[in-house]
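Please keep the sequence and the structure in view while reading.

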Amino acid sequence: MSSPRLNQPWRAAVAGGLVVVAVLAVFAAVWSWQHGIIRYDIPASDGTPELVSTRFVGSWMAIAIGLGTLAALLLVGAGRQVLLAVRTRDSNPLPPIQTAEPPPAV
């Protein structure tokens with residue numbers, strides 16, 4: 001039973017789709033990260049200094065980190081698909097090399 005061919009040109013289209021999804025995941029991660037940072041500005045009054053406070057929302061940060069990880073994995077998969085799409089095999093392979101003498105005929 002022969003194994004299926006790995007180098008198939010349609011894998012390049014799959015790689016392109018994976019890259020598009022990875023870019024969308026990065027945009028979603030940036031959007032999520034921006035929603036995870038809340039800045040409070042309390043103006044100065046009666047001799048008190050202005051107070052600037054930043055609050056980080058963990059759920060939005062976790063979603064952003066997860067989306068970034070997903071994008072990285074998708075790019076690794078896209079690279080694999082590109083390599084499988086462009087890799088060629090020799091149509092006339094060399095015969096196997098024998099490293100030991102065959103046993104003598106009796």
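## Helices and overall layout

Helix α2 has 29 residues, and the distance from its first C-alpha to its last is 42 Å, close to the 42 Å expected at 1.5 Å a residue. The expected span of a helix is 1.5 Å times one less than its number of residues. This is a predicted model, in which local features need pLDDT of at least 70 and side-chain atom pairs count only at pLDDT 80 or more, while totals for chains, interfaces and linings use all residues. Residues are numbered from 1 along each chain as its sequence is written, and side-chain values use heavy atoms, with hydrogens and water left out.

**Overall layout**

- The protein has 2 helices and 2 strands, where helices (H or I, at least four residues) and strands (E, at least two) are DSSP runs numbered from the N terminus.
- Along the sequence, these elements follow the pattern α-β-β-α.
- Of the 106 residues in the protein, 16% are buried; buried means under 20% relative accessible area, exposed means over 50%, and partly exposed lies in between (1.4 Å probe, protein chains only).
- Among contacts in the protein with a separation of 6 or more, 66% are between residues 24 or more positions apart; a contact means heavy atoms within 4.5 Å.
- The protein exposes about 8600 Å², and carbon and sulfur atoms supply 68% of that area. Accessible areas come from the Shrake-Rupley method with a 1.4 Å probe, and for residues only the protein chains shown count as cover.

- The buried residues of α1 are R11, A15, A22, A25, A29 and S32, and what covers them includes α2.
- In α2, the buried residues are M61, A64, A71, L74, A78, Q81, L84 and A85.
- These buried residues of α2 pack against α1, β1 (37-42) and β2 (51-56).
- An α-helix has 3.6 residues a turn, so residues three or four places apart point the same way.

- Q81 is in helix α2 and counts as buried because its relative accessibility is 12%.
- Leaving aside residues up to four places away in sequence, Q81 touches R11, V14, A15 and L18.
- S32 is in helix α1, and it counts as buried because its relative accessible area is 1%.
- With residues up to four places away in sequence again left out, S32 touches W60, I63 and A64.

**An aromatic pair between the helices**

- Rings of Phe, Tyr and Trp (its six-membered ring) pair if their centres lie within 6.5 Å; planes under 30 degrees apart count as stacked, over 60 as edge-to-face and the rest as tilted.
- By this rule the count is 1 aromatic pair.
- W31 and W60 form an edge-to-face aromatic pair, at 5.4 Å centre to centre and with 85° between the planes.
- The pair links distant parts of the chain, with W31 in helix α1 (residues 10-35) and W60 in helix α2 (residues 58-86), 29 residues apart.
- W31 counts as partly exposed because its relative accessibility is 45%, and W60 counts as partly exposed because its relative accessibility is 29%.

**A nonpolar surface patch**

- V19, V20, V23, L24, F27 and L75 form a nonpolar patch on the surface, with about 560 Å² of accessible area together.
- Patches are made of residues with over 30% relative accessible area and no salt bridge; like charges are joined within 9 Å, and nonpolar side chains (Val, Leu, Ile, Met, Phe, Trp, Tyr) within 5 Å.
- The largest share of the nonpolar patch, 5 residues, comes from α1.
- V19 lies in helix α1 and counts as partly exposed because its relative accessibility is 35%.

**Salt bridge**

- Side chains of opposite charge can pair when their charged atoms come close.
- A search of the whole structure finds 1 salt bridge, meaning a side-chain nitrogen of Lys or Arg within 4 Å of a carboxyl oxygen of Asp or Glu.
- D41 forms a salt bridge with R39, and the closest N and O atoms are 3.1 Å apart.
- D41 is partly exposed, with a relative accessible area of 44%, whereas R39 counts as exposed at 57% relative accessibility.

**The loop between the strands**

- Most residues other than glycine have a negative phi, and most peptide bonds are trans.
- D46 has a positive phi of about 50° although it is not a glycine.
- D46 is in the loop between β1 and β2, and it counts as exposed because its relative accessibility is 81%.
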